[in-house]
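Subject: Structure handover

Hello,

Here is the structure I said I would pass on. My notes on it follow below.

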Amino acid sequence: MDEPVASQPGENAAEEGAAEGEEPLMGFLEEINCTEPGIIDRSMIETAYLEEGQKGEARRLHQLEPVVYDRITTMRLEFKNILRIDHLWMMPNLTKLCLNCNKIEVIEHLEMLTALKDLNLSFNYITRIENLETLVKLEKLSLFSNRIRKIENIQTLENLVILSIGNNLIDTVEGIERLRFVSTLKVLNLEGNPIAKLPDFPLSLYVTAILPQLNYYEYVFIKAETKEEAQKRFYRELREIEDKQEREIQGLETEAREMAEADRLASSFVEHLDGQQLYDSLWRDDEDGRILMLVGPPAQELCEEYSKDVYDLTQQIYRLGLERFGERDEEIRDFNANLHEGQEELQSQGQRQIEEFLQYKERTFDEMRLKWRELDQRDEDLDQLQTQLDNLNAQFQDALHEMWQSLMAQELHLHEAVEDSTLNFDRKISELMASFVEQAQVIFQQLRDLCSHFADNMTEIVTQFLSTKLSRHELNAIPEELRKCVDDREAVLQLVEGMRAAHSVRVDEREDRMAQRSREFIDDMITKLNHKEVDRHRAKILEINSFMEMMTEALDSLPGELHQKASSD
């Protein structure tokens, strides 16, 4: 493998030239005669697409085609004096994006480009690596000649193969070890950074030791003997990094399991019901209950039984929530799968129509070109030729209008079908949720009854305790906070009622929280589905109308195109 990276003409030369300076060389950018720095917009994208690399007849035909953003896979926006990135979400299937040689300062607005495999941001003014987390398919990332000071936020790019970050301002090895998590990384370039110029620190050996998955460093193949030398030279550093990485991986795995379980419980609306959390909350800020518990062992024994009964009931709610979550989750998956299948089917049907129409368009335009040439070359039967041209023109416009009606009818049918499906889904998921909440409310009522039963038993225990101490003349054995109850049974009842109310309120709060969150869950999910469908519908209408406009413009420009070609001939 002589060249690990397929570069555009002049790219490597620019990188090599820039590597000679202490800092990224941006002077050549300032010398470009261009307009004020701007933001990527729709006009810039369409112009770049229509002017891309084809030549001759292929270029002419390409420029006559409509701009269908979903079909764009490559976008080159070099030397456009771009200051900010935007509007790239219009091309969700983009796999290659070239934004090199601009004035971009921040990596932003790329999160929708989840299909991106090749991203070139070289020769800009970027100071930080960020906002790349969603680009999970990215294989090549070039950040050569920017103003980056630290390697960070790259470990999530699990398919990255080539990383070029030379000629920046990196002066620390911190962050290099994070690339160990990118097991697919084979090519790394750090040339031209301050860290690469330290006299007593062989960066190439350090990188080779720390990143065993690399095959090329600075585009030079790493030999086996070089890897052995590197591991010996940085043995201690490598061991420390390996130990730290192992602990981090274990921590991440534990955290991931805990988060997954927490999400599952939250989605089941039974979080904090898998143990004694609800029982513990009953006593929080319960001053009356604390005083009553001062009677000692009889109250403690009653509490142990109380704790067990509360736990048994909360476990019933917990299991019920998980069971209903499984049913609800299966319903959601089926709905999303059916929705996607229906959208894909109609999308494919519309795409076939467009492709058939484009073939018809080429045949019609070829026939019209022949008629125009005949019209220019003949001196007789001109009316007949003109009539034929007019007929072809009218037929094309009729066909275009018919296709517009067909595509719009399909889209409107899909939109109405999605709305109806969402309405039915809302009704069904609401019924499932209502059934779950009703069943849970039965158990919550049992919890309230349990609170009352416990309060009644506590009344008897406290009354018996006070009577016993009073009959034995052991007033000093009565806790000070309970002495006011010796001659005042009403005071005992007030303490018990305060405890009962406090515990019942906690149960009510947990029940209300479950009911409210279940309603919010449905409302939020349906709102997101509706908003997503509205956005999709609007984008599709825009795409259809844009296609119609492009076809109309192509038809209108056909005579001028032929005259221009005749003049040049």
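This is a predicted model: local features need pLDDT of at least 70, side-chain atom pairs count only at pLDDT 80 or more; totals for chains, interfaces and linings use all residues.

**A loop asparagine**

The side chain of Asn146 comes within 3.0 Å of the backbone nitrogen of Ile126. A second contact of the Asn146 side chain goes to the backbone oxygen of Phe144, at 3.4 Å. Asn146 sits in the loop that links strand 6 (140–142) with strand 7 (162–164). Is Asn146 buried or exposed? Its relative accessible area is 0%, so Asn146 is buried; the cut-off for buried is under 20%.

In general, the strands of a sheet pair through backbone hydrogen bonds, in a parallel or an antiparallel way.

Tyr216 lies opposite Phe221 of strand 10. The loop between strand 9 (216–217) and strand 10 (220–221) contains Glu218.

**Two residues with positive phi**

Most residues other than glycine have a negative phi. Glu218 is not a glycine, yet its phi is positive, at about 55°. Its relative accessibility is 29%, so Glu218 counts as partly exposed.

His473 also is a residue other than glycine with a positive phi, in this case near 60°. Where is His473 found? It is in the loop between helix 11 and helix 12 (489–568). With a relative accessible area of 71%, His473 is exposed, because the cut-off for exposed is over 50%.

**The helix pair**

Helix 11 also takes part in a helix pair. Two packed helices are described by the angle between their axes and the distance between those axes. For helix 10 (residues 297–377) and helix 11 (residues 382–471), the angle is about 180° and the axes are 11 Å apart. Angles over 145 degrees count as roughly antiparallel, and helix 10 and helix 11 are therefore roughly antiparallel to each other. Which classes of residue make up their contact? The contact of helix 10 with helix 11 has 45 nonpolar, 21 polar and 10 charged residues.

Regards

Technical notes
Residues are numbered from 1 along each chain as its sequence is written. Side-chain values use heavy atoms; hydrogens and water are left out. Axes are lines fitted to C-alpha atoms, for helices over the stretch in contact, and angles run from 0 to 180 degrees between N-to-C directions. Helices (H or I, at least four residues) and strands (E, at least two) are DSSP runs, numbered from the N terminus. Angles under 35 degrees count as roughly parallel, over 145 as roughly antiparallel, 65 to 115 as roughly perpendicular and the rest as oblique. Ala, Val, Leu, Ile, Met, Phe, Trp, Tyr, Cys and Pro count as nonpolar, Asp, Glu, Lys and Arg as charged, and the others, Gly among them, as polar. Buried means under 20% relative accessible area, exposed over 50%, partly exposed in between (1.4 Å probe, protein chains only). Two strands pair if DSSP finds at least two bridges between them. A polar contact is a pair of N or O atoms within 3.5 Å; within protein, one must be able to donate a hydrogen and the other to accept it, and residues adjacent in sequence count only if both atoms are side-chain atoms.
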